[in-house]
Amino acid sequence: MLLLLFAFLLNFQGDSLSISAEDRFVQKIDSLQKSSILENGTLGVSIRNCKTGNQLIGFNEKKALRPASTLKLVTTATALALLGENFRYSTHLETRGIIRNDTLFGNIIIRGSGDPTLGSWRFDETLDYSRLFVDWATKINQLKIKVITGDIIANAEAFSDNNVPETWQWGDMGNYYGAAGFGININENLFRAHFATGKISNEKTNLFKIEPSIQDTDIINSVVADKETHFDDVLFFSAPISNLILAKGKLPLNRADFIVKGSIPNPPDLTTHLLKNALGKMNIIVLNKEKVEENSPSQIVDIVKSPSLFEMSLYCNYESINLYAECLLKTIPATESKKANTENGIEILRKYWEDKSLNLKGLYMKDGSGLSTSNTITANLMTEILAKAPGLPFFNAFHQSIPVLGRDGTVKNIAKNKIWAKNFSVKSGTIEKAKAFAGYFKNKNGDLFSFAIMANQFEGSESGMSRELAKLFEAMYELK
């Protein structure tokens, strides 16, 4: 009997050792799909060898699923391919009219190009919004102008039509991550609301400061303090061009200055307002009394260049900045002299990848950032697009723009201190009931693979689903 048992154990151990890394990985994802967290949802997985283009792992890979922010990989790859990594936006500050003595008989024009970084605090090479307007006012002052008979005019025609993709949700648009992309953007179209909270639950908070200050806009504060809340649980409800913002939700007790981020409803108007304020501090008067003909003489006062597209792509993918992705998608049509809007951007994006012999069945894009819950893509197509990139000129810049697991951006806390994590370049994505990871990894042999993992309509929290999916990375490293 003991001999039979020993023989059985030897056979069992031999069978388990003979199971390939690929089979073990498939067992893991099959088990996850059958678990309680995904019994009513869908898990889609694709892993593809970038050198051969062959798919190594496919699991529900042709199911069209919501990619969340992993869609930014498609947007940034296409922008880098068509616009080039050295592309920069330009914003012009101009006079229009005649300068006589200390008076400009005309207007100051701010002519935008859709730069999402204008006045951003992120880049060493550019001025944040507060310093930008002082700089502009100083340059106007250096022209000896003390009176402007016309007005400060924001020309935001670079992006026309709807500023917000049509399927974005009401609960997103008023918040910093739902900022619309205009022809003129400022401070990443983000405002910071400063709240003070008391010692009693359900007591109304004090909204004591907004920066930058938004003119001609009413903010209704319905935010209360709550002893059970330990983080930002506030939503701003607003829409582009609106002059009303509703703040709802809860904040922790006993906070003297709790900052919540919202989206500026009308960035072009705010830009003119902030420049007028800066001019006023230099005793330059804007009369707003005289209309100026479009063909009046003009003079460029300043040209503000954005950081390079490579730098923007890096922040877009590292920090998952929706505004950057939306503006890049709207800028893509410039490569074909078409109207700069979301629809034309999507059309040209599709054409670019179709010309690479890809079947885009399952790709349904309504924006460039992945915020829309109407977006879908298959895991199969995501890895096909990613696997095409290594053979194209923009790949090095694109690959560098994707965060390294356990080190960078939104994935810096996943697989931290794991030696194998440095082999993974991963973009994460999260929207309601959708969690995804996509990017590249090198296995033990140094072979490069593209991958996409998407879970939709799962049970429980996004963080819980993220932890379950993150468990797959180490097993992926073992694949051949």
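## Exercises on strand pairing and helix packing

The model is predicted: local features need pLDDT of at least 70, side-chain atom pairs count only at pLDDT 80 or more, and totals for chains, interfaces and linings use all residues. Residues are numbered from 1 along each chain as its sequence is written, and side-chain values use heavy atoms, with hydrogens and water left out. Helices (H or I, at least four residues) and strands (E, at least two) are DSSP runs, numbered from the N terminus.

**Exercise 1.** Identify the buried residues of helix α12 (residues 462–470) and the elements against which they pack.

*Solution.* 
1. Gly464, Met465, Ser466, Leu469 and Ala470 are buried, that is, under 20% relative accessible area with a 1.4 Å probe and protein chains only (exposed is over 50%, partly exposed in between).
2. The buried residues of α12 pack against α2 (21–34), β1 (42–49), β18 (434–442), β19 (448–456) and α13 (472–477).

**Exercise 2.** Describe how helix α3 (residues 71–83) packs with helix α8 (residues 322–331) and with helix α7 (residues 309–318).

*Solution.* 
1. The axes of α3 and α8 lie 10 Å apart, at an angle of about 45 degrees. The two helices are therefore oblique to each other; angles under 35 degrees count as roughly parallel, over 145 as roughly antiparallel, 65 to 115 as roughly perpendicular and the rest as oblique.
2. Lys72, Thr75, Thr76, Ala79 and Leu83 in α3 meet Asn322, Ala325, Leu328, Leu329 and Thr331 in α8. The residues of this contact divide into 5 nonpolar, 4 polar and 1 charged. Ala, Val, Leu, Ile, Met, Phe, Trp, Tyr, Cys and Pro count as nonpolar, Asp, Glu, Lys and Arg as charged, and the others, Gly among them, as polar.
3. For α3 and α7 the angle is about 175 degrees, with the axes 10 Å apart, which makes α3 roughly antiparallel to α7.
4. Lys72, Leu73, Thr76, Ala79, Leu80 and Leu83 in α3 meet Leu309, Phe310, Ser313, Cys316 and Asn317 in α7. By class, this contact has 7 nonpolar, 3 polar and 1 charged residues.

**Exercise 3.** State how strand β4 (residues 90–100) pairs with β15 (residues 298–305) and with β5 (residues 103–111).

*Solution.* 
1. β4 and β15 run antiparallel and are joined by 7 bridges; Glu94 stands opposite Ile300 in β15.
2. β4 and β5 pair in the antiparallel sense over 9 bridges, and Gly97 has Gly106 in β5 as its bridge partner.
3. The hairpin of β4 and β5 has 2 residues between the strands, and Asn101 takes a positive phi near 60 degrees there.

Methods:
Axes are lines fitted to C-alpha atoms, for helices over the stretch in contact, and angles run from 0 to 180 degrees between N-to-C directions. Contact means heavy atoms within 4.5 Å. Two strands pair if DSSP finds at least two bridges between them.
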